[in-house]
Amino acid sequence: MHPSASVIIFTSLSGLGFGLMFYLGFGMPEVRGWTAFWFFLIAYGLAVGGLISSTLHLGNPQRAMNAFSQWRSSWLSREGVAAVATLVLTAPYAIGLIFYDLNIAALGWLSGILALITIFTTSKIYNQLKTVPRWNMPLTPVLFLLYALAGGGLMAGQTLVAAMLLLVLTLLQLAAWQMGDKAFANAGHTLETATGLGHLGKMRLLESPHSSPNYLMREMVHVVGRKHALKLRAISVVTLGIFPVAILLFLPFSHTLALVAIASHVIGLFTSRWLFFAEAEHVVGLYYDKR
Amino acid sequence: MTTLPKSTTRKLGLVIDLDTCVGCHACVISCKEWNTSNYGVPLSDINAYGAEPSGTFLNRVHTYEAKSTGCNAQTVHFPKSCLHCEDAPCVTVCPTGASYKRQEDGIVLVNEDRCIGCSLCAWACPYGAREMDAVAGVMKKCTLCVDRIYNENIPEEDRIPACVRTCPAGARHFGDFADPESEVSILSAARGGIALMPEQDTKPVNRYLPPRPKTDVTDESKIDILAPFLAPIATETGGFLGWLDKALEKI
Ligand code: SF4
Ligand code: SF4
């Protein structure tokens, strides 16, 4: 799949934002006044920034309101509804903490749970696609949730929780890459099943239907850049998990170091999200004899 | 609504005969012509006369080579458009309700006025049957020429999809798969119609007829099946032709 900046930014930033909102909703940390203001500003900034970025890849963003209508069947629509519900319900909770020194705990829990649901629905947009076997694995939603909870925990200053989650995340991310590498073959899709002509022998593309790349190839048959995948995976696990965990667990806590840990994690997150798209092979590539 | 109908009254679709298709791309062109001027926004072309022309098409013809050991390679031309799947994943993923499957005839359509151009339906289709128009930013796909097949303003013989109407080889057939007596049902049953990528569980309606087995060229006696028809019928000619034959021989 084409690793377009808008979807990478969308899934990464809104994941972090809603992850942070989860912690804030459950009073971790318990903040009031200006501190609360800054925490919620960051959470809203990331979540809303990510959502706005997601509208940049739309062909007709002015009709984006239509996307809230099909929550009965569409995960993308559910994601929109869940995101807006979280943002709206978190607002009175945040206002209470910031301006009135008032903790409406039940509302906080509700917005925390909604934030988790939003992250889950984001993951399902990709996870539901049978056409991309690498995404169509049960690990995909688990990873999205872990990314959000680990990154959110890091930003919420939940050192121990974040360190534990980062470790689990690193291991599961490695496992997901391993499993993902085999997913396409395991799903059994080949040019022979795509054309139904396996009984004639081995198939290959003799002539492409068009002389230069079309929408399908640009969008779904992304093959460039994969050659660096292994290096990028290494960079990603070190920066997203190993380095921040080392800082959190083995160095004395300081705000500067915490910032370094967050920065490193975000670099790792973006790298792995780039790989999430760039390495994803869509079955339509079979018709072009390319993946 | 982007929930799928439980069942459709009719199942309109195509049978594409891979034995007959000569790969001339006439269906591609007539599809483009009809659909750029009818249902929805035009099918745009980008840089049409430049080095890298690119455009929106609802039907594309791939050409494959099949090769199994001990046999000659075989060329198969492979037209591909929307298969109007019964379990269309492209419909259920759509967040706006722009994509839908019609209860009455099973045709899968896009209501372009609702489409936000999010691309998700194209991602969900295993067959590459949906293309986002680069100019209009809305999703385009085969409509099974819904604006021809019910169109009482055009002659009756034209009330079939443009690709079927135009195919010079007669490789494309249109009809109702829900009716076991229809031409397409009978053809598909007789020739072992194929559903593409069945492991995706999309239940495509369109069927592909595999190429008929080739003559066995390793068996000499079977090579020249036309030879008996070309053998001279009379060895001795008389009359005018006999005279002409002799006269010419003498020159
Ligand atoms: S072929 Fe693709 S676009 Fe057409 S109904 Fe099936 S999944 Fe949808
Ligand atoms: S591109 Fe249009 S038709 Fe396709 S899923 Fe998005 S809104 Fe629906």
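## Around ligand 1

Sorted by class, the shell of ligand 1 holds 11 nonpolar, 1 polar and 2 charged residues. Here Ala, Val, Leu, Ile, Met, Phe, Trp, Tyr, Cys and Pro count as nonpolar, Asp, Glu, Lys and Arg as charged, and the others, Gly among them, as polar. Of the 14 residues around this ligand, the ones that come nearest are Cys82(B), Leu83(B), Cys85(B), Cys90(B) and Cys125(B); a residue is near a molecule or strand if one of its heavy atoms lies within 4 Å of it.

A word on the model: it is a predicted one, so local features need pLDDT of at least 70 and side-chain atom pairs count only at pLDDT 80 or more, while totals for chains, interfaces and linings use all residues. Residues are numbered from 1 along each chain as its sequence is written, chains are lettered from A and ligands numbered from 1 in the order in which they are written, and side-chain values use heavy atoms, with hydrogens and water left out.

## Around ligand 2

Ligand 2 has its own set of chain B neighbours, including Cys94(B), Cys115(B), Cys118(B), Cys121(B) and Met139(B). Pro95(B), Ile116(B) and Gly117(B) are also among them. The class count for this shell is 8 nonpolar, 4 polar and no charged residues.

## Where the chains meet

Chain A puts 60 residues in contact with 60 residues of chain B, contact meaning heavy atoms within 4.5 Å. About 4,700 Å² is buried between the two chains, and carbon and sulfur atoms give 58% of that. Buried area is the accessible area (1.4 Å probe) that two parts lose on being put together, summed over both. On the chain A side, Leu200(A), Tyr215(A) and Tyr287(A) lose the most area to chain B, together 13% of what that side buries.

There are 32 residue pairs in polar contact between chain A and chain B, both residues being at pLDDT 80 or more. A polar contact is a pair of N or O atoms within 3.5 Å; within protein, one must be able to donate a hydrogen and the other to accept it, and residues adjacent in sequence count only if both atoms are side-chain atoms. Strand 1 (202-207) is among the chain A elements that give two or more residues to this side, and strand 1 gives the most, with 6 residues.

## Strands and salt bridges

Strand 1 of chain A runs antiparallel to strand 4 (residues 60-67) of chain B, joined by 5 bridges; two strands pair if DSSP finds at least two bridges between them. Arg204(A) has Glu65(B) as its bridge partner in strand 4. Those two residues also form a salt bridge, with the closest N and O atoms 2.9 Å apart. The term covers a side-chain nitrogen of Lys or Arg within 4 Å of a carboxyl oxygen of Asp or Glu.

Within chain A, Arg32(A) forms a salt bridge with Asp101(A), the closest N and O atoms being 2.6 Å apart. Arg32(A) sits in the loop between helix 1 and helix 2 and Asp101(A) in the loop between helix 3 and helix 4, so the pair ties together parts that are 69 residues apart in sequence.

Technical notes. Helix = DSSP H or I, 4+ residues; strand = E, 2+ residues; numbered from the N terminus.
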